[in-house]
There are 2 protein chains.
Amino acid sequence: MKDVATAAGVALKTVSRVVNGEPGVHPATAERVRAAIDRLGYRRNESARVLRRGRTATIGLVIEDVADPFYAGLSRAVEDVAIAHDCLLLSGSSGEEAGRERELVETFCARRVDGIVVVPAGADHGYLRPELEAGTKVVFADRPPGAGLDADTVLADNAGGAGRAVRHLLGQGHERVAFVGDAPAIYTAAERHRGYRDALGDRYDPRLVAMRPPAEEAMRADLERMFALDRPPTAIFTGNGRCTVTALRALAGRKVALVGFDDFELADLLRPGVTVVAQDPARMGRVAAELLFRRLCGDEGPPEHIRLPVRLIPRGSGELAP
Amino acid sequence: MKDVATAAGVALKTVSRVVNGEPGVHPATAERVRAAIDRLGYRRNESARVLRRGRTATIGLVIEDVADPFYAGLSRAVEDVAIAHDCLLLSGSSGEEAGRERELVETFCARRVDGIVVVPAGADHGYLRPELEAGTKVVFADRPPGAGLDADTVLADNAGGAGRAVRHLLGQGHERVAFVGDAPAIYTAAERHRGYRDALGDRYDPRLVAMRPPAEEAMRADLERMFALDRPPTAIFTGNGRCTVTALRALAGRKVALVGFDDFELADLLRPGVTVVAQDPARMGRVAAELLFRRLCGDEGPPEHIRLPVRLIPRGSGELAP
DNA sequence: ACACGCCCTGACAGCGTTGTCCGCCCCCTT
DNA sequence: AAGGGGGCGGACAACGCTGTCAGGGCGTGT
């Protein structure tokens with residue numbers, strides 16, 4: 001910038017004014033400055049600007065894994081909202097590890113992001129307290145923060161959606177509905193299990209429940225165990241997109257009714273089409289990011305807890321008779 | 001930091017030394033400083049650090065759309081490599097618009113990212129020249145830069161893979177193989193078309209070629225037109241993952257052999273399984289990012305042009321007889 | 001013609017950090 | 001006991017930018 005000023009024969013501050021489109025610069029001068037800028041290939045140093053002004057125009061996003069379609073969709077929506085607010089997005093995948101989540105959040109804070117959207121992997125967010133006090137805005141998406149922290153949260157209607165799925169299967173005449181979900185430590189998995197159990201009431205049988213990170217072999221074993229029971233399941237409710245896909249593989253053509261939580265591409269092209277309880281990851285991302293920007297714009301209201309609806313999409317697999 | 005120094009009763013610089021783990025600080029002093037840091041919830045301001053040191057420990061990634069599984073996979077791989085080098089990742093989606101690509105790249109440069117991995121949407125990268133001269137390292141992935149710029153590039157073997165797919169279909173006895181690809185302005189689409197045409201030789205018939213952004217209705221019309229020909233296609237080669245999925249929907253059960261470029265989840269669960277020429281997006285991301293970091297570590301060799309192999313995965317749809 | 005005011009420009013400080021350099025003090029050696 | 005050296009701590013400037021404030025030149029009104 002100094003070089004530009006020298007080249008254009010003006011003061012540093014005048015160049016700054018031109019670069020920032022501030023008023024009060026003679027058009028001819030501005031033109032000379034712009035010419036110098038082009039000639040020298042000058043580009044403003046945002047780090048210095050940030051240092052001076054205190055706002056980074058950057059938000060952070062911590063998700064579980066960008067390569068998961070659910071989070072990819074959420075990610076894209078957050079990005080779009082950020083762009084609309086002239087912000088950039090720093091993102092990182094926690095890989096479902098609390099430590100990694102914390103590292104990411106702390107790194108983002110050290111870079112003075114204006115705010116963060118977090119899909120928490122850990123259960124303790126005490127480490128966030130100093131950040132929150134320092135004014136960093138945080139919105140939790142998909143899962144709530146650990147106990148003792150009341151913050152903005154955007155969740156899907158997990159238990160409700162699970163209940164919906166189970167009642168749909170019961171409505172088809174199924175009496176034995178299994179649940180295949182992710183590790184119980186994961187909030188969404190636990191909530192969906194709760195919704196499943198509540199909807200089943202007396203019919204609930206823990207032998208029909210398998211909860212662990214989805215892996216084909218393990219799931220196949222779980223399913224075999226269930227099918228070997230006296231009264232085997234005639235329907236399965238899977239707890240998230242990856243569980244659904246893994247289950248479809250593990251079932252290998254066995255004819256069972258199935259409803260999955262989370263929609264996924266090609267669910268309609270399989271035979272039978274896969275009935276799902278669909279969330280809208282893009283909407284979740286958008287809502288979370290918009291809430292974050294409202295906070296950044298000075299909204300100081302009490303923490304909001306938004307619950308997004310889910311919807312059942314019948315495609316065939318959930319309508320199979322027992 | 002000043003506050004910490006005051007609180008600990010030491011000089012600013014001493015705190016800096018503690019924070020950076022520099023030697024030459026008495027253990028007791030260091031402990032006092034750390035206590036003050038904890039007490040005050042101090043966190044180093046990276047912006048100031050960047051300003052002073054000149055390195056941001058951040059790299060940029062410009063892709064077409066994070067929500068596309070191909071780019072999501074690539075993205076995750078780049079992120080992993082960045083993390084391994086203690087770098088953060090700024091990412092943005094160009095949405096296949098040259099202007100947006102340029103904006104993203106320029107914004108990243110203004111933030112002084114150390115380097116950028118770009119999946120170019122535009123064809124003219126003259127705007128990058130000043131950045132390159134300023135020392136910003138750029139690696140192109142999936143598509144090469146526009147003419148006149150020789151830079152590090154990581155590409156898949158597009159034409160070769162397309163030829164492979166077509167020869168596979170010809171080997172099953174097909175004489176009429178159609179190509180359904182993305183817009184011809186997209187490098188990968190054009191290359192795959194080239195491979196397709198070269199492999200067909202005399203059998204090439206432009207009436208069996210449809211190239212445009214994949215949308216179900218338009219593609220259905222294109223396919224109907226082809227099937228209405230005197231000698232309709234008995235096999236289809238689709239030019240990328242989205243085209244494959246769109247084509248599967250547009251075909252709606254019509255029995256035609258099909259090989260798609262790009263693998264996708266569930267391709268094995270459809271009936272028949274979808275035969276594909278698979279690239280490895282994670283590998284592309286990893287290779288590109290590692291090349292970038294080699295450059296950042298001072299490798300000044302001539303630009304590299306890496307071509308990644310693809311592999312044919314037969315699953316049934318490509319093995320249907322005419 | 002003079003005063004006043006407006007428009008434009010520039011000097012300067014400071015954002016929070018780190019690199020350089022200097023000086024103190026203590027301990028060891030002679 | 002005096003001199004030298006090393007280990008430790010501190011003062012200062014600079015990174016590139018922007019906010020504040022002051023000042024110069026020129027037009028306008030009386």
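P272(B) lies in the loop between β9 (257-261) and β10 (275-278) of chain B, where strands are DSSP runs of E of at least two residues and helices are runs of H or I of at least four, both numbered from the N terminus. A cis peptide bond with an omega of about -5° links R271(B) to this proline, P272(B). In chain A, R271(A) and P272(A) are likewise joined by a cis peptide bond, with omega at about -5°, and P272(A) has its place in the loop between β9 (257-261) and β10 (275-278) of chain A.

The model is a predicted one, in which local features need pLDDT of at least 70 and side-chain atom pairs count only at pLDDT 80 or more, while totals for chains, interfaces and linings use all residues. Residues are numbered from 1 along each chain as its sequence is written, chains are lettered from A and ligands numbered from 1 in the order in which they are written, and side-chain values use heavy atoms, with hydrogens and water left out.

The loop between β9 and β10 of chain A also holds L266(A). Although L266(A) is not a glycine, its phi is positive, at about 80°. With a relative accessibility of 2%, L266(A) counts as buried (buried means under 20% relative accessible area, exposed over 50% and partly exposed in between, with a 1.4 Å probe and protein chains only). Another non-glycine residue with a positive phi is D142(A), at about 75°. D142(A) is found in the loop between β4 (137-141) and β5 (152-156) of chain A, and it is buried, with a relative accessible area of 2%. As background for these backbone features, most residues other than glycine have a negative phi, and most peptide bonds are trans.

Turning to helix packing, the axes of α8 (residues 158-171) and α9 (residues 187-200), both of chain B, come within 7 Å and cross at roughly 40°. The axes are lines fitted to C-alpha atoms, for helices over the stretch in contact, and the angles run from 0 to 180 degrees between N-to-C directions. This angle makes α8(B) oblique to α9(B); angles under 35 degrees count as roughly parallel, over 145 as roughly antiparallel, 65 to 115 as roughly perpendicular and the rest as oblique. From α8(B), the residues N158(B), A159(B), A162(B), G163(B), V166(B), R167(B) and L170(B) meet a set in α9(B) that includes Y187(B), E191(B), R194(B), Y196(B) and L200(B), contact being heavy atoms within 4.5 Å. By class, the contact of α8(B) with α9(B) has eight nonpolar, four polar and four charged residues (Ala, Val, Leu, Ile, Met, Phe, Trp, Tyr, Cys and Pro count as nonpolar, Asp, Glu, Lys and Arg as charged, and the others, Gly among them, as polar).

In chain A, A98(A) lies in helix α6 (residues 98-110) and is partly exposed, at 41% relative accessibility. A98(A) and G122(A) are 24 residues apart in sequence, yet their C-alpha atoms are 4.0 Å apart in space. Neighbours within four places in sequence aside, A98(A) is in contact with A121(A) and G122(A).

Finally, the cysteines: the count comes to zero disulfides over all chains, a disulfide being a pair of cysteine sulfur atoms within 2.5 Å. For C87(A), the nearest cysteine sulfur belongs to C297(A) and is 9.4 Å away; C87(A) is buried, with a relative accessible area of 2%. For C297(B), the nearest cysteine sulfur is that of C87(B), at 9.4 Å, and C297(B) is exposed, with a relative accessible area of 66%.
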